[in-house]
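Me: Please take a close look at the aromatic rings in this model and at the parts of the chain around them. Give the cut-offs for each term as you go.

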Amino acid sequence: MGIFSRRQTAVVEPSPTVGSLRSGGRGAAADATLDPALRALTGHWTIDRPHSRIGFSVRHAMVTTVRGAFTDYDSVLYFDGARPSESRAEIVIRVASVDTGVEQRDAHLVGKDFFDVRRYPQMTFRSTSTVHEAGESFRMTGDLTIRDTTRPVDLQLDYLGSVMDPFGYERAGFDGTTTIDRRDWGLVYNQRLEAGGSMVSEKVRLQFDISAIRAPSQPL
């Protein structure tokens with residue numbers, strides 16, 4: 001996915017602040033291997049929902065892939081272009097916003113067999129560390145909470161570039177991916193196929209296609 005789609009919205013409203021962010025180790029030395037242009041991006045950002053996608057994909061009946069996304073969430077991001085270990089993120093997702101394009105399937109996902117949104121209306125990701133791997137690639141580790149179960153995940157994060165859009169908003173693009181075993185978060189419902197295997201794979205690929213806009217300065 002590109003930094004943002006061809007269709008622009010005349011007004012982009014940053015999401016409200018989610019909460020205080022955990023820092024990734026004060027006083028870290030600047031990373032000399034980073035592109036100097038990244039340093040200018042240091043600051044607070046928020047995800048522009050109309051031009052971003054927080055989604056997932058999972059194998060169905062072992063022969064096809066079902067894709068979906070969550071459309072309602074709040075975010076707070078802090079990117080440090082000189083000291084990646086200072087970068088951090090927090091995303092709070094309202095699970096009832098899940099959309100796979102099939103109403104009956106979405107109703108099943110929000111029910112007790114899967115997310116059980118009446119008891120667990122939110123899922124969260126809160127970063128705990130960020131490491132520069134090479135070039136414009138980073139590894140962000142964080143705590144993923146689903147159904148009140150919290151487990152660590154490693155997110156492969158790639159920086160796509162930055163631009164000033166026609167409406168005066170500074171944007172930066174990131175792609176993030178990770179694969180989880182849903183059973184680790186209590187999502188154990190399944191049906192077995194006659195020929196063997198599962199109707200829904202236990203492995204789920206999470207995808208963060210992010211167009212972030214610079215937010216007003218906030219205290220660290």
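Reply: What follows covers the aromatic pairs, the core and the strands around them.

The model is predicted, so local features need pLDDT of at least 70, side-chain atom pairs count only at pLDDT 80 or more, and totals for chains, interfaces and linings use all residues. Residues are numbered from 1 along each chain as its sequence is written, and side-chain values use heavy atoms, with hydrogens and water left out.

The protein chain has one helix and eleven strands; these are DSSP runs numbered from the N terminus, with helices being H or I of at least four residues and strands E of at least two. Their order along the sequence is β-β-β-β-β-β-α-β-β-β-β-β. Of its 220 residues, 45% count as buried, where buried means under 20% relative accessible area, exposed over 50% and partly exposed in between, with a 1.4 Å probe and protein chains only.

A pair of aromatic rings is described by the distance of the centres and the angle of the planes. Here rings of Phe, Tyr and Trp (its six-membered ring) pair if their centres lie within 6.5 Å; planes under 30 degrees apart count as stacked, over 60 as edge-to-face and the rest as tilted. The count by this rule is seven aromatic pairs. One of them, Phe70 with Phe115, is edge-to-face, at 5.9 Å centre to centre and 75° between the planes. Phe70 belongs to strand β3 (residues 64-70) and Phe115 to the loop between α1 (103-110) and β7 (122-134), so this pair ties together parts 45 residues apart in sequence. Phe70 is buried, at a relative accessible area of 7%, and Phe115 is buried at 11%.

The ring centres of Phe125 and Phe208 are 6.4 Å apart with the planes at 45°, so this pair is tilted. It links distant parts of the chain, with Phe125 in strand β7 and Phe208 in strand β11, 83 residues apart. Both Phe125 and Phe208 are buried. Elsewhere, Phe79, Phe138, Tyr159 and Phe174 form one aromatic cluster.

Tyr73 in turn has Arg49 over its face, at 5.9 Å from the ring centre; the rule asks for NZ of Lys or CZ of Arg within 6 Å of the ring centre and within 35 degrees of the ring normal.

Strand β11 (residues 200-214) runs antiparallel to β10 and is joined to β10 by eleven bridges; two strands pair if DSSP finds at least two bridges between them. In this pairing Gly176 stands opposite Phe208. Strand β10 (residues 170-181) is mostly covered, with nine of its twelve residues buried. Strand β10 also pairs with β9 (residues 149-164) in the antiparallel sense, over eight bridges, and there Gly161 stands opposite Gly173. The hairpin of β9 and β10 has five residues between the strands, and Gly168 takes a positive phi near 90°.
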